[in-house]
Amino acid sequence: MSNIEQTLSIIKPDAVERNLDGQIKEMFSINGFTIVQEKKIQIEKQEAEKFYKVHETKPFYDDLCTYLSSGPIVVMILEKENAILANRELMGSTNPKDAAEGTIRKKFGISIDKNSVHGSDSAENAKIEIDFFFKS
Ligand code: ADP
Ligand code: MG
């Protein structure tokens, strides 16, 4: 049975700053994702804090929110069969050092914090995250 899903992807400041957004979008395209909507924005730290609220107890939370709001990002709704898991696989492990060959984080990630992309981790969070950036 087909299971077309949508997931939220973010090209993070480190990648936008290095002009990697075109190459990363091409990887999505080659891997069968459709970019349904996209926008290039910069968010306030307060918005980053809301977006990453699940991590608020983590020691890296403050740095993470400062970082996500530090420069332009590209937010996208990606669509594909089983898009949520497929995007997590294409992104690779959180730490680029552990990411598999051919993944976005292996190719472009600099470090665990500057790992170039975000992707929703579940159907529930995909919906919440898509609404966060695209609900009018
Ligand atoms: P993912 O982005 O792979 O879903 P998490 O949801 O666990 O990873 O973490 C969110 C983001 O927080 C990561 O992408 C990374 O930028 C940052 N992060 C995670 N773990 C650490 C850590 N130990 N130190 C610094 N930053 C981290
Ligand atoms: Mg996550």
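Two rings of Phe, Tyr or Trp, the latter taken by its six-membered ring, form a pair if their centres lie within 6.5 Å, and planes under 30 degrees apart count as stacked, over 60 as edge-to-face and the rest as tilted. The exercises below apply to a predicted model.

**Exercise 1.** State how many aromatic pairs there are by this rule, and classify the pair of Phe51 and Phe132.

*Solution.* By the rule, the count comes to five aromatic pairs. In the pair of Phe51 and Phe132, the distance is 5.5 Å centre to centre and the angle between the planes is 55°, and the pair is tilted. Phe51 belongs to helix H3 (residues 45-51) and Phe132 to helix H7 (residues 123-134), so this pair ties together parts that are 81 residues apart in sequence.

**Exercise 2.** Find which atoms of Arg88, Ile112 and Asp113 lie by an oxygen atom of ligand 1, and state how much of the ligand the protein covers.

*Solution.* From Arg88, an N or O atom in the side chain is 2.8 Å from an oxygen atom of ligand 1. With Ile112, a backbone N or O atom lies 3.3 Å from an oxygen atom of ligand 1, and with Asp113, a backbone N or O atom lies 3.4 Å from an oxygen atom of the ligand. Of the 530 Å² of accessible area that ligand 1 has on its own, the protein covers 76%.

Terms used:
Residues are numbered from 1 along each chain as its sequence is written. Chains are lettered from A and ligands numbered from 1 in the order in which they are written. This is a predicted model: local features need pLDDT of at least 70, side-chain atom pairs count only at pLDDT 80 or more; totals for chains, interfaces and linings use all residues. Side-chain values use heavy atoms; hydrogens and water are left out. A polar contact is a pair of N or O atoms within 3.5 Å; within protein, one must be able to donate a hydrogen and the other to accept it, and residues adjacent in sequence count only if both atoms are side-chain atoms. Accessible areas come from the Shrake-Rupley method with a 1.4 Å probe; for residues, only the protein chains shown count as cover. Helices (H or I, at least four residues) and strands (E, at least two) are DSSP runs, numbered from the N terminus.
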